[in-house]
Amino acid sequence: VGKVNDKTGVKYDEDTFQPKDFNENDVAPGLVLIPGGTFMMGGGEKDIESSKDNRARQATVSSFFMDETEIANVDWKLFLYDVLNGDGGETRFEELYPDTNVWRRDLAFNDPIAETYYRHPAFNMYPVVGVNWYQANEYCKWRTTKVNEAILEDDEEGITYPSYRLPTEAEWEYAARGLQESEVYSWEGKSLRNSKGRFRANFKRGRGDYAGWRGGDGNHMTDGYMITAPVREFWPNDFGLYNMSGNVAEWTQDTYR
């Protein structure tokens with residue numbers, strides 16, 4: 001900005017006003033830059049029930065940052081550990097604990113998954129499930145605090161990052177498409193397999209087929225996972241984002257209408 005204000009001729013100094021020089025921050029931990037653009041939002045699949053609630057329309061989004069992966073169990077455990085040992089205590093901890101009963105269904109024996117998926121360290125890098133919209137937003141607030149605390153520890157006058165938040169529906173769809181405007185999935189083409197016959201994402205192979213058995217002959221009959229897959233499994237889309245098709249549902253900031 002120079003040493004003199006170009007609108008008044010007033011010199012900048014410590015006795016009056018000294019603007020802070022700004023050097024661009026590094027990208028915040030875990031994030032990927034998504035360049036903004038215009039795309040056709042919605043549509044992409046046949047409206048079999050004629051609900052007409054997903055008509056294609058043009059949408060424009062500004063550039064934004066988005067997490068490279070889904071939030072993993074280990075990320076949520078760190079969050080709750082900090083809550084439990086902070087001002088929130090046990091009450092706040094219980095409010096933010098994920099619902100492990102989401103695995104249970106009538107006449108289905110999923111109890112082992114319900115008991116171990118969040119708690120067992122083998123699932124640390126699997127996406128957290130059973131988290132509601134309120135809890136997801138609380139995680140964003142906590143993450144904002146922790147990331148900026150680290151900056152201010154090194155420099156009391158450091159430039160902090162803007163608040164973390166959930167993406168809007170338009171931002172999420174734009175990021176998920178990965179510049180593949182008219183495709184059903186987050187890659188080019190309608191095949192669930194790549195050129196080598198391997199699944200591109202965590203899907204059920206057919207109606208009710210969740211078994212995830214790869215097959216000993218290397219033919220990769222399914223994606224290889226009975227339930228969810230680790231957050232860095234399979235291939236990222238053209239924006240470098242993992243699991244934007246398949247695996248688990250993800251929250252957005254705005255309400256679906």
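This report walks through a few features of a predicted model.

## A pair of helices

Let's start with helix 1 (residues 73-84) and helix 2 (residues 89-96), which pack with their axes 8 Å apart and at an angle of about 155°. Angles over 145 degrees count as roughly antiparallel, and helix 1 and helix 2 are therefore roughly antiparallel to each other.

Which residues bring the two helices together? From helix 1 come Trp76, Phe79, Leu80, Val83 and Leu84. They meet Gly89, Glu90, Arg92, Phe93 and Leu96 in helix 2.

## A nonpolar patch on the surface

Now look at the outside of the model. Val27, Leu33 and Phe65 form a nonpolar patch on the surface, and together they have about 280 Å² of accessible area.

Phe65 belongs to strand 4, which covers residues 64-67. With a relative accessible area of 46%, Phe65 is partly exposed.

Is Leu241 buried or exposed? Its relative accessible area is 1%, and buried means under 20%, so Leu241 is buried. You can find Leu241 in the segment after helix 5 (169-177). Setting aside residues up to four places away in sequence, Leu241 touches Val32, Ile34, Met66, Asp67, Glu68, Ala175 and Pro236. Take Glu68 from that list: Leu241 and Glu68 are 173 residues apart in sequence, yet their C-alpha atoms are 4.8 Å apart in space.

Asn137 sits in helix 4 (residues 133-154). Asn137 also counts as buried, at 13% relative accessibility. Beyond its neighbours within four places in sequence, Asn137 is in contact with Leu166 and Gln253.

How values were computed:
Residues are numbered from 1 along each chain as its sequence is written. This is a predicted model: local features need pLDDT of at least 70, side-chain atom pairs count only at pLDDT 80 or more; totals for chains, interfaces and linings use all residues. Side-chain values use heavy atoms; hydrogens and water are left out. Patches are made of residues with over 30% relative accessible area and no salt bridge: like charges are joined within 9 Å, nonpolar side chains (Val, Leu, Ile, Met, Phe, Trp, Tyr) within 5 Å. Accessible areas come from the Shrake-Rupley method with a 1.4 Å probe; for residues, only the protein chains shown count as cover. A salt bridge is a side-chain nitrogen of Lys or Arg within 4 Å of a carboxyl oxygen of Asp or Glu. Helices (H or I, at least four residues) and strands (E, at least two) are DSSP runs, numbered from the N terminus. Buried means under 20% relative accessible area, exposed over 50%, partly exposed in between (1.4 Å probe, protein chains only). Axes are lines fitted to C-alpha atoms, for helices over the stretch in contact, and angles run from 0 to 180 degrees between N-to-C directions. Angles under 35 degrees count as roughly parallel, over 145 as roughly antiparallel, 65 to 115 as roughly perpendicular and the rest as oblique. Contact means heavy atoms within 4.5 Å.
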